[in-house]
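Biologist: I would like a close look at one part of this model. Please take it step by step.

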Amino acid sequence: MSSQDNVRGKETALNIAEGVTSSHDGMRRTGRKVFRKSSGPLDIGALTAGISSGDRLSLAKGITLLESTAAKDRPAGQELLLSLLPKTGRSVRVGITGVPGAGKSTFIEAFGLMLTEAGHRVAVLAVDPSSTVSGGSILGDKTRMELLAREPKAFIRPSPSAGTLGGVHRKTRETMLLCEAAGYDVILVETVGVGQSETAVREMTDFFLMLALTGAGDELQGMKKGIMELVDGVLVHKADGGNERLAKKTVRDYRQLAHFLQPATPGWTTQALAVSSIEKTGLAETWAMIESFRDQMQSAGYWTQRRQEQTRSWFHSMIEDQLIHSFYETPGRKELVAALEARVLADELTVAGAVKRVFSEDEGAPEENS
């Protein structure tokens, strides 16, 4: 019998069953949705009211407006900030730094949850390292604080550092003010980490906190001394399990070191505590330390003085930013810089000569090659 005879009139694996009529997987097809950004004018009054009432969506929109680098957004951002200034200044601003792996995000989540349970409203400004390709955040701190992100009394805003020294975004100061206007009484600023100029964080926070780990050798003593002259408190983190005993010893070492250094804040000796975010130990003591600092500084009048110093630093920092912006916005300046850069790379002009050429009042003057 041939294979054809075997197939005729019989169902075999070679037969193709007639299919059913359907559309894809049963879901009704719909037109593709296109999302477009609203082109209408921004209602600053409504945004101000929303932020003042504690609306988190309005707060997020306000911060986005302030962080915008578009020239058309700057006047609106400053108008918003000016309208909210009377509602600012009523929070405790805490800067948090530490070496990579110290568990800053883990601590902030545990600490923030403890504060919200106690009735505080907590804003976390988590500044991530920036991608050199896209300019966006790399770590995504909001995804690593999942429990705190779902807390109604907490607000988390991750922002790329955008290459700014000090591990903070250029607009962090203004963002803090918006959070205060929205009713957040504790502002936690998480920096990229030790290794950059931490002075920037010191100049915008009331209390500067460093997370440390056990087992740091003598090769880090230089770094410790530098950062210890800036911080008001040290938390030896991950003080749990078999690491607890060593953590307590490290705390004693830091306390001893603090006595030999000039204090970061006059009238206050840098304190050290052992903390475990997993076992929730040392968190209440950390807040008590910050409250004690605030009470002492307010009684001595230094709290207001430090806030004024922060505002002065902010003022001069914005002058520098504006000078840079104005420099590159001058017609033809970008093209001139690019042309001179090419000549420097081609060894036709020294760097000093190129810089002098950029700032020369008479661009038709003879060029200097030395």
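Leaving aside neighbours within four places in sequence, which residues is Gln310 in contact with?

Modeller: First, the basis. This is a predicted model, where local features need pLDDT of at least 70, side-chain atom pairs count only at pLDDT 80 or more, and totals for chains, interfaces and linings use all residues. Residues are numbered from 1 along each chain as its sequence is written, and side-chain values use heavy atoms, without hydrogens or water.

Now Gln310. Beyond its neighbours within four places in sequence, Gln310 contacts Arg93, Arg173, Glu203, Met204, Thr205 and Asp206 (contact: heavy atoms within 4.5 Å). Gln310 sits in helix H12, residues 302–329 (helices are DSSP runs of H or I, at least four residues, numbered from the N terminus). Its relative accessibility is 5%, so Gln310 counts as buried (under 20% relative accessible area; exposed is over 50%, with a 1.4 Å probe and protein chains only). Take Arg173, one of the contacts of Gln310. Arg173 and Gln310 lie 137 residues apart along the chain, yet 9.2 Å separates their C-alpha atoms.

For a setting elsewhere, look at helix H10. H10 spans residues 244–258, 15 residues in total. Its buried residues are Ala247, Thr250, Val251, Tyr254 and Ala258. These cover an arc of only 110° around the axis, so they share the same side of H10 (the arc is taken over directions from the helix axis to the C-beta atoms). Arg245 and Arg252 are exposed on the other side of H10.

Notes
Helix = DSSP H or I, 4+ residues; strand = E, 2+ residues; numbered from the N terminus. Expected span 1.5 Å × (residues − 1).
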